[in-house]
Amino acid sequence: MATSDGTTGRYLVLYEESATAAAGVQEINDVTGIQTVSLDPSDESSVVAERLSQADGISFDKLRVACVDADSAQLSRLRDAAAGPGPIAMVEPERIVHAIPAAPATEASTLDESVYTWGLQAIGAPGSDATGKGIRVAVLDTGFDVKHPDFAGRTVTTASFVKDEDVQDGHGHGTHCIGTSCGPRKVDGGPGYGVAYEAEIFAGKVLSNKGSGTDRGILAGIEWAINNDCAVISMSLGAATAPDTPFSPLFEEVAVRAMAAGTLIIAAAGNESDRRVGRINPVGHPANCPSIMAVGATDPKTEIAYFSCGTVGDIGAVDIVAPGWDVHSSVPMPKRYAKMKGTSMATPHVAGVAAQIAQKYGSRAWELWARLAQGSRRLPLPSTDVGSGLVQAP
Amino acid sequence: MPRVVISLDETALQDIDETVAALRRAGLSVDDVLRTTGVVTGSIDGTRVLADLRSVSGVRDVEQERGYDVGPPDSEVQ
């Protein structure tokens with residue numbers, strides 16, 4: 001039974017590292033009643049094929065994985081077992097895999113980035129008179145290079161929520177995202193690359209110089225941004241999720257409370273897809289929360305980037321897309337600039353446009369969301385990949 | 001020490017200190033009290049106490065803390 005989302009309708013059950021295959025098989029039987037057949041490497045392939053088609057479950061003992069036909073009640077019990085202690089570590093839908101197509105020939109870049117980055121051009125930023133002036137934008141990331149010359153004279157407020165690290169960006173990711181959302185339009189020796197170039201910058205460090213963080217720091221950063229009346233929070237971060245995993249009720253409630261306080265949270269959809277091999281992974285946490293805007297990435301041909309997460313199942317939807325391919329922006333000195341790709345780079349484009357709209361129309365929260373969606377450029381691509389389309393400056 | 005994040009009911013935000021005190025009695029070592037969003041972060045001694053935290057009056061959700069990683073600076077996709 002193949003399903004439309006590239007899965008087979010069967011489920012893969014992974015055993016815990018510490019458990020024996022026999023314990024895994026027993027646990028599956030205990031919680032679901034499903035009898036699994038263990039495959040022996042010496043079995044003839046015809047025997048294997050016959051068993052695969054007839055049994056309710058197959059245990060690949062060596063791989064420590066079982067593949068089972070489970071109905072929704074059995075699936076729910078397997079997921080409960082995975083969530084609790086015991087030999088079952090993880091349950092996920094079995095996917096249909098495809099042969100890898102030949103890589104497309106690389107084209108020489110025909111992009112003209114002499115004045116503005118391709119991303120600013122794609123979202124129509126140069127034609128907008130909105131600058132984000134008077135609007136506070138919080139970027140929760142790896143911090144900021146506070147002495148970067150491109151930000152001299154700008155109002156920047158910083159805070160670190162990472163233990164034993166100050167806000168100085170020892171990674172580059174945060175400075176890059178701040179550059180895209182709030183960086184300059186006029187630069188010596190390079191294209192203008194910032195969307196809301198007069199917005200007030202709130203740089204909250206919630207990811208370490210190694211690029212990692214936890215819920216604690218991110219929640220503290222959100223609280224800080226709300227308390228500072230930021231209209232927009234840009235979060236180019238996330239944790240991968242399995243299809244149909246419920247979104248976090250806690251982050252959803254926090255996002256609802258942020259909205260009530262006039263703060264819109266915009267987050268990266270995630271990079272876990274590999275569309276080159278036909279794999280589309282669902283929107284990650286916390287972008288999968290309904291009240292957090294999830295951003296996917298496009299390339300210069302306005303096609304969905306191969307890594308961009310998609311809408312899979314009923315949980316988590318891509319809401320909008322923005323440029324996320326070879327994005328030129330600031331990084332800590334002395335390097336000064338770099339090109340990066342990812343939904344992390346798409347997210348601050350949307351945050352910058354949100355600041356422009358907030359300035360131009362006085363919109364906040366859900367009205368801001370509505371104007372972002374309504375103003376986006378419709379694309380001839382599935383809404384499951386691009387939501388309402390490509391974000392456009394007001 | 002499993003780390004947890006806890007959201008409180010809207011109605012519990014008025015006397016948040018009372019709820020935080022009850023969480024401490026239920027075994028929570030408190031790190032942060034976020035008064036605007038109504039979130040408490042901390043850690044507990046053993047997973048069995050999770051249910052105890054959930055049963056504290058004023059608690060809305062208890063979730064195990066997640067980790068995030070955007071990868072090293074030189075990774076292909078960020």
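**Buried sites, cores and a sheet in a predicted model**

A:D141 is found in strand β6 (residues 136-141) of chain A, a strand being a DSSP run of E with at least two residues and a helix a run of H or I with at least four, each numbered from the N terminus. This is a predicted model, in which local features need pLDDT of at least 70 and side-chain atom pairs count only at pLDDT 80 or more, whereas totals for chains, interfaces and linings use all residues. Residues are numbered from 1 along each chain as its sequence is written, while chains are lettered from A and ligands numbered from 1 in the order in which they are written.

Biologist: Why is A:D141 called buried?

Modeller: A residue is buried if 20 or more other C-beta atoms, placed from the backbone, lie within 10 Å of its own, exposed if 12 or fewer do, and partly exposed in between. A:D141 has 31 other C-beta atoms within 10 Å, and therefore it is buried.

Biologist: What makes A:H173 count as buried?

Modeller: A:H173 has 27 C-beta neighbours inside 10 Å, so it counts as buried. This residue lies in helix α5 (residues 173-182) of chain A.

Biologist: Which residues is A:H173 in contact with, leaving aside its neighbours within four places in sequence?

Modeller: Contact requires C-beta atoms, placed from the backbone, within 7 Å. On that basis, the partners of A:H173 include A:D141, A:S344, B:V70 and B:Q78.

Biologist: Where does UniProt place the feature "active site"?

Modeller: The unreviewed UniProt entry places it at A:D141, A:H173 and A:S344; such annotations may be inferred rather than shown by experiment, feature names are shortened, and positions follow the numbering used here.

Biologist: How do you know that they cluster in space?

Modeller: They are spread over 204 residues of sequence, yet the largest C-alpha distance is 9.9 Å.

Biologist: What makes a set of residues a nonpolar core?

Modeller: Its members are buried Ala, Val, Leu, Ile, Met, Phe, Trp, Tyr and Cys residues joined through C-beta atoms within 7 Å. The largest such core has 103 residues, and A:V295 is one of those touching the most other members. Helix α8 (residues 343-361) of chain A gives the largest share of this core, 9 residues.

Biologist: Why do β2 and β4 of chain B stand at the edges?

Modeller: Strands pair if DSSP finds at least two bridges between them. The open sheet has the order β2-β3-β1-β4 (chain B), with antiparallel pairing. β2 (28-34) and β4 (59-64) of chain B each have a single partner strand, so one side of each is left without a neighbour in the sheet.

Key
Contact = placed C-beta atoms within 7 Å.
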